[in-house]
Amino acid sequence: MIAARTSFLDKLAVSSRARNSIICIGLDPEPGLIPESLGRGPQAALRFLRRIVRATADFAAAYKPNLAFYERYGGAAYDVLGLTLQAIPDDIPVILDAKRGDVPNTAMAYAEALFDSFHADAATVAPYLGMDSIAPFTTDGRYALVLARTSNPGARDLQDLRSDDRPMYEHVVTACVGAFPAERCGFVVGATYPEEARRLRALAPDRLFLMPGVGAQGGAIEAAVRAALDSRGGGVLPAASRSVLYASQGADFERAAADSARGLRDAANAARAFSVERR
């Protein structure tokens, strides 16, 4: 008998309380930024990521490996990913940032790969193909973080297109809220767009918002958190990658990563406390 999958939201809540943190740290190996002292190639990436996890595990409510950064290692990609995942403490949830989205039978294969083979707790999903392409990521205890308002400057190219006098990203959120329960579906909402986040919170009051773009992409964690908090003072998971992983490329990279992660955690907590007090 297969054991029931632990709910992503439950696991996240426990991890968040244990670490007094609402931040997510991306685990994205950039070959040119990994300290030279660790060497080069897949083994250097693995050594680096293991040490980053060890340095930041007291401050991360969740980790988010982006599969693209592993796939460019070719045949070694899934060894590096699998061994990196093994280094993450069991009580910290993992979001596999894969941005999958395809016809239903292919989407099911993607979902099985991410959740059953790599044991993800959640995965990012692209909504362009429609609700039936998202559904496999929300069944059997799985959790989908659907791309709504992404953090990149080009997000406006398509996501701002208007239909019925509303931007496309609002239609995406409304459709997903109607199709999937809150315990199975949240949204990716860029920290670089706090005003849009505030409007989306009104459309999705009970959903988790993963908010990438903090740090290197220019998103201000305080503004993002204040804009997107739900009525209970939660529902946000600001995410940073480069500003933590590559806070230093010298021998002190672990300490620098820990300091950066601690600073983000404290800034997010301060913003959350300020917003709750104002209510």
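**Reading burial, rings and a helix**

Modeller: Tyr78 is partly exposed, its relative accessible area being 41%. Please bear in mind that this is a predicted model.

Colleague: How is such a percentage to be read, and is Ala55 buried or exposed?

Modeller: Buried means under 20% relative accessible area, and exposed means over 50%. Ala55 has a relative accessibility of 17%, so this residue counts as buried. Ala55 belongs to helix 2, residues 42-56. When neighbours within four places in sequence are left aside, Ala55 is in contact with Glu254 and Ala258.

Colleague: Which element holds Arg100, and what does the residue touch?

Modeller: Arg100 is found in strand 3, which comprises residues 95-100. With a relative accessible area of 17%, Arg100 is buried. Residues up to four places away in sequence not being counted, Arg100 touches Leu67, Glu71, Tyr110, Leu114, Thr124, Val125, Ala126 and Phe137. With Glu71 there is a polar contact between the two side chains, at 3.4 Å.

Colleague: Let us turn to the aromatic rings. How is a pair of aromatic rings described?

Modeller: The description rests on the distance of the centres and the angle of the planes. Rings pair if their centres lie within 6.5 Å, and planes under 30 degrees apart count as stacked, over 60 as edge-to-face and the rest as tilted. By this rule there are five aromatic pairs. In the pair of Phe8 and Tyr143, the ring centres are 4.9 Å apart and the planes stand at 40°, so the pair is tilted.

Colleague: Which parts of the chain does the pair of Phe8 and Tyr143 tie together?

Modeller: Phe8 lies in helix 1, while Tyr143 lies in the loop between helix 6 (131-134) and strand 5 (144-149), so the pair joins parts that are 135 residues apart in sequence. Phe8 and Tyr143 are both buried. Tyr78 and Phe118 also have paired rings, with centres 5.3 Å apart and planes at 35°, so this pair is tilted. Distant parts of the chain are linked here too: Tyr78 is in helix 4 (residues 77-87) and Phe118 is in the loop between helix 5 (104-117) and strand 4 (122-125), 40 residues apart.

Colleague: Which residues do ring pairs link into a cluster, and where does Arg149 lie?

Modeller: The cluster consists of Phe48, Tyr246 and Phe253. Arg149 lies over the face of Tyr193, at 4.3 Å from the ring centre. Arg201 is placed over the face of Phe209, 3.9 Å from the ring centre.

Colleague: What is found at the start of helix 1, and which residue follows the helix?

Modeller: At the start, a side-chain oxygen of Ser7 comes to within 3.3 Å of the backbone nitrogen of Leu9. After helix 1 comes Asn20, with a positive phi near 50°.

Notes: Residues are numbered from 1 along each chain as its sequence is written. This is a predicted model: local features need pLDDT of at least 70, side-chain atom pairs count only at pLDDT 80 or more; totals for chains, interfaces and linings use all residues. Side-chain values use heavy atoms; hydrogens and water are left out. A polar contact is a pair of N or O atoms within 3.5 Å; within protein, one must be able to donate a hydrogen and the other to accept it, and residues adjacent in sequence count only if both atoms are side-chain atoms. Helices (H or I, at least four residues) and strands (E, at least two) are DSSP runs, numbered from the N terminus. Rings of Phe, Tyr and Trp (its six-membered ring) pair if their centres lie within 6.5 Å; planes under 30 degrees apart count as stacked, over 60 as edge-to-face and the rest as tilted. Buried means under 20% relative accessible area, exposed over 50%, partly exposed in between (1.4 Å probe, protein chains only). A charge sits over a ring if NZ of Lys or CZ of Arg is within 6 Å of the ring centre and within 35 degrees of the ring normal. Contact means heavy atoms within 4.5 Å.
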